[in-house]
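Dear colleague,

I am handing over the structure below, and after it you will find what came out of going through it. Please read the notes beside the coordinates.

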Amino acid sequence: MKCAYCGREARGTKEHIISSGILDLFPECYLTFDEKRGVIHQGDPMIKDVCADCNNNKISYIDSYAKNFIGRYFVKNYGEDEQVKIEYDYTMIQKVLLKYAFNDLRSRRDDISYFDEELLQYLMNESDRVPKEYISVLAGLAVNVSPAPDFMFGNLKLRWCKNPVFYENSTIRHINYETGQVFLNDECKVQTFKDLEFSYAFRFNSVQFLLMCWKKDSENIDTENIILKCQYPYTLFSKEENVATLSLCTDESNYHRFEQIHVSWDGLFEVGRMRKLATPDSAKKYLQQLQEAWKEEEKRLKEEHPR
Ligand SMILES: [Zn+2]
């Protein structure tokens, strides 16, 4: 086997698609839902095309950072009105998300030509601290603002996908405040970005990241970044800074359908507010009871499936 990172002939070792350290933070999510292959299995998502040296020595610093970063901020859940100030290392955030994307692409036998020698060296070389201009990273808080509790769709705290769908406009055309009727925007188009090669969405419990991989010689990245920043409820990370304030990026619908990226002014935010105001306190009580019961169940699952 040829190692996916260093290219040397060697025996393949098992490499986690998402760092094992992150999976360790969420032992209650012990099942893998592989939608692409249509299977659910008990075991971590892995690939086996990395040599022992790369896996254990060259790229493991990325996993350490990922575990500390996610463990520090995103194991806990936040309220929908909360703003969370985080400290980040931009180079490391790029490397974490690039590594996961690269792993995922290989596990799907997808095109990996974007990961050329330069990008592989960037990942393998811990002392390479110059972030890539052709990579953008955005993040927001994932908060379940929907009436559907988390467990209804499975324990999906860790999720990722290639090419999430960016909407160009609100998915809601009109709300009739007299009747509460909601009219969908049937003409809502998908936003395309100039020179975007591919993108990824990652959900790690209470945070959602967007990774944008642009053409390496593109001159449109600054403009496209402005569109991203203005159009979506995400914070754009920057190489000049090491702190960011994250706020809510999910609405009633895309908290669960995480691959749908809605615009900041999407009417669904308004629908959520309206529904909450119209919900009697007695109903809220039941939702709360259900959530409490689920917390207990998660505790039990954690004990039943130690890592
Ligand atoms: Zn190697």
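Is C54 buried or exposed? C54 is buried, because its relative accessible area is 0%, where buried means under 20% relative accessible area, exposed over 50% and partly exposed in between, calculated with a 1.4 Å probe on protein chains only.

Before the rest, some conventions. This is a predicted model, in which local features need pLDDT of at least 70 and side-chain atom pairs count only at pLDDT 80 or more, while totals for chains, interfaces and linings use all residues. Residues are numbered from 1 along each chain as its sequence is written, and side-chain values use heavy atoms, with hydrogens and water left out.

**The zinc site**

The zinc ion has as its protein donors the SG atoms of C3, C6, C51 and C54, which lie 2.3 Å from it; donors are N, O and S atoms within 2.8 Å of the metal (3.2 Å for Na, K and Ca), and since water is not among the atoms, sites may look incomplete. Along the sequence these donor residues follow the spacing C-x2-C-x44-C-x2-C. The angles among the four donor atoms run from 105 to 114 degrees, and the site is tetrahedral, a label given to four donors if all angles lie between 85 and 135 degrees. For comparison, the ideal angle for four tetrahedral donors is 109.5 degrees. C3 counts as buried because its relative accessibility is 4%, and C51 is likewise buried, at 5%.

The structure holds zero disulfides, a disulfide being a pair of cysteine sulfur atoms within 2.5 Å. The sulfur of C161 is too far for a bond, because the closest cysteine sulfur, in C249, is 13 Å away.

**Around N55**

N55 lies in helix α2 and counts as buried, at 10% relative accessibility. Leaving aside neighbours within four places in sequence, N55 is in contact (heavy atoms within 4.5 Å) with T13, K14, E15, V50 and S60. The side chain of N55 makes a polar contact with the side chain of T13 at 3.0 Å, and also reaches the backbone oxygen of K14 at 2.9 Å. A polar contact is a pair of N or O atoms within 3.5 Å; within protein, one must be able to donate a hydrogen and the other to accept it, and residues adjacent in sequence count only if both atoms are side-chain atoms.

With kind regards

Definitions and conventions
Four donors count as tetrahedral if all angles lie between 85 and 135 degrees; four count as square planar and six as octahedral if opposite donors are over 155 degrees apart and all others between 65 and 115; anything else is irregular. Helices (H or I, at least four residues) and strands (E, at least two) are DSSP runs, numbered from the N terminus.
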